[in-house]
Amino acid sequence: MTRFVRAYGARPLHLLALLASFGLTGYVALRVVQAPHWLAIAAWFVGAAVAHDLVLYPLYALADQLAQRFARSFAPLPVPWLNYVRIPALLSGLLLLLWFPLITGLAEPGYRAASGLSTAPFLGRWLLVAGVAFAISAVSYALRLRQVSRALRVPDAGPAPARRSGGPRSPR
Amino acid sequence: MTSVLGALLLVGVPVLFGTGLLSYAAYEPRLGSNNPNPGAGLLGFYLFRWPTSPSWLYRLTQGTHVLLGLTLAPILLAKLWSVLPKLFEWPPVRSAAHLLERASLLLLVGGAVFEFGTGILNIANFYPWPFSFYDAHLYGAWVFIGAFAVHVALKLPRMLAALRGRSLRRELRVPLAQTRPEPPDPDGLVAATPAAPTLSRRGFLASVGLAAVTVLGLSAGQVLGPLRSTALLAPRGRRYGSGPNDFQVNRTAATAGVIEPAGNADWRLELVGPTSRSLSRADLLAMPLHTESLPIACVEGWSVQRTWTGVRLRDLARLAGAATPGGVLVESLERAGAFGQATLSGAQLRDPRSLLALRVNGADLSLDHGFPARVIVPAAPGVHNTKWVNRMSFR
């Protein structure tokens, strides 16, 4: 047993489970190669992993890094604004990712053939939803700012406010 | 965090898979040329006779499949985001076990993105590929579920330990200022030198939850009848003017190329059986008419309840001399396209609620909804409710 673990790197059950799963995949592969355009199916399958891992993820990781760097370039604010931009941006980006064929009109031929309608309204609808998300975020930022600045002002009579240093995001 | 998202997917993905398998069964692939996946082989081992009761069965299973898939999309993306640094771990392969596991993860991630991707592009009617969606989505599902099952088997103990390690209720009270990095874990998932946090754990969960609820909220109208217009960003939240024919169209008369023959007064319905017949719309309207409230539910996830008036399919069978019909091949004026015809089972044919509908909500069917006559069968997927019917062959 320990010799197996040393040679393989895990318990036998690990190998068995993986082989069972590969067996199923192998059977599916046998069916797929009989389907028309099977090579395109396989390419799309691998492409899906590559597109997510090596394109989509680096893109949003980079966007987030840039936003964080930009946020740090400001003098410390009583309420850091980063998340008040990041979250509505994330929401709008997600909706764009899910519905880009409708929003950009790429799906126009297929959508019109199926429904008899145009994709034209979707861009406006997406912009509306994104606008509402950013507006809600802006209002909650303003409310939070007022709350914090009140808390800072109340002890004005006494010594300088001590809360700032422990504030939500002090750059280190 | 990974474990919370993983637990949500652990519940959701099997439901997606199960409802997907049910949808395949609902197509009654063993009848006539119904099978959208003729090469599925053993993957259709579980197929069974699809029932006609309850009439909302397909509406429920397929509405769940599509809406749950959309709702889980942000959760899947967040889960992948939380584990993605592992893709670049070093050394890339530590042992044979590690190599096999990483190969399985390629199937898992490829399968997940492929299934969600093809599903969502399909409901947006966007087909940037040459293959059949039915082939791709079915085969992809089996590869995905195989890799998913083995991933769950290998990681479930780790997930449960992580979930037990932190009280969710306590964690939801921790603000950003008190958010500390995870302690190092045996999988090496935790960053060795984490940056200062910019979001608390509760903030992260709230953001992902908000994203999921937003996607659901902007799509659910597709199944909610009068609230359809609330589905602002889903493809089938649109209105078709007002009145009885204001509901989703899945293939227009123009696309099907049937505007002329379907609108023609010379239209006849051919009944093929021991005593073949040819009936005009007036002949049909002179037969005993029945009115049933039945949903129409599409594989793309939308559904709507309507009141249909028409002739019972079993009455038409009797007229054609088929006393105990075992099924019927329904052909449309539309010759091209995968669903220009459908075979209905004996059970579907004999159900008294199965109609050849002539009217919907009291008005004549519109051309886009199948005038002069369309099939409506309880619990059948939308594409089997053949529009612009011109021939029914009983067997």
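Tutor: Let us begin with a pair of helices from two chains. Helix H2 (residues 12-32) of chain A packs against H4(B) at an angle of about 180°, and their axes are 9 Å apart. This angle makes H2(A) roughly antiparallel to H4(B). The model is predicted: local features need pLDDT of at least 70, side-chain atom pairs count only at pLDDT 80 or more, and totals for chains, interfaces and linings use all residues. Residues are numbered from 1 along each chain as its sequence is written, while chains are lettered from A and ligands numbered from 1 in the order in which they are written.

Student: How are the helices, axes and angle classes defined?

Tutor: Helices (H or I, at least four residues) and strands (E, at least two) are DSSP runs numbered from the N terminus. Axes are lines fitted to C-alpha atoms, for helices over the stretch in contact, and angles run from 0 to 180 degrees between N-to-C directions. Angles under 35 degrees count as roughly parallel, over 145 as roughly antiparallel, 65 to 115 as roughly perpendicular and the rest as oblique.

Student: Which residues make the contact between H2(A) and H4(B)?

Tutor: Two residues are in contact if their C-beta atoms, placed from the backbone, lie within 7 Å. On H2(A) the contributors include His14(A), Ala17(A), Leu18(A), Ser21(A) and Leu24(A); on H4(B) they include Tyr139(B), Trp142(B), Val143(B), Gly146(B) and Ala147(B). An α-helix has 3.6 residues a turn, so residues three or four places apart point the same way.

Student: At what angle do helix H3 of chain A and H3(B) cross?

Tutor: The axes of helix H3 (residues 38-72) of chain A and H3(B) cross at roughly 95° and come within 8 Å. That angle makes H3(A) roughly perpendicular to H3(B). Among the residues in this contact are Trp44(A), Phe45(A) and His52(A) from H3(A), and Leu106(B), Val109(B) and Phe114(B) from H3(B).

Student: How many residues does each chain bring to the contact between the chains?

Tutor: Chain B brings 70 residues and chain A brings 57 residues. On the side of chain B that touches chain A, H2, H3, helix H4 (133-165) and helix H6 (201-217) each supply at least two residues. H3(B) gives the most to that side, with 15 residues.

Student: How do H2(B) and H3(B) pack within chain B?

Tutor: Helix H2 (residues 57-83) and helix H3 (residues 96-123) of chain B have axes 11 Å apart and pack at an angle of about 140°. That makes H2(B) oblique to H3(B). Their crossing is left-handed (the near helix is turned anticlockwise from the far one by less than a right angle; clockwise would be right-handed). Val66(B), Gly69(B) and Leu70(B) of H2(B) take part in this contact, as do Val109(B), Ala112(B) and Phe116(B) of H3(B), among others.

Student: Is Val215(B) buried or exposed?

Tutor: A residue is buried if 20 or more other C-beta atoms lie within 10 Å of its own, exposed if 12 or fewer, and partly exposed in between, with C-beta atoms placed from the backbone. Val215(B), found in helix H6 of chain B, counts as buried because it has 24 C-beta neighbours inside 10 Å. Leaving aside neighbours within four places in sequence, Val215(B) is in contact with Leu98(A), Leu70(B), Thr71(B), Ala73(B) and Pro74(B). In contrast, Gln178(B) lies in the loop between helix H5 (168-171) and H6 of chain B and counts as exposed because it has 10 C-beta neighbours inside 10 Å.

Student: Where is the kink in H4(A)?

Tutor: The bend at a residue is the angle between axes fitted to the seven residues ending there and the seven starting there. In H4(A), a kink of about 55° lies at Leu97(A), shortly before the proline Pro101(A). Helix H4 (residues 82-103) of chain A has 22 residues, yet its end C-alpha atoms are only 27 Å apart, short of the 32 Å that a straight helix would reach (the expected span is 1.5 Å times one less than the number of residues). After H4(A) comes Gly105(A), whose phi is positive, near 85°.

Student: What is the overall make-up of each chain?

Tutor: Chain A has 6 helices and 0 strands, and buried residues make up 21% of its 172 residues. Chain B has 11 helices and 10 strands, and 46% of its 395 residues count as buried.
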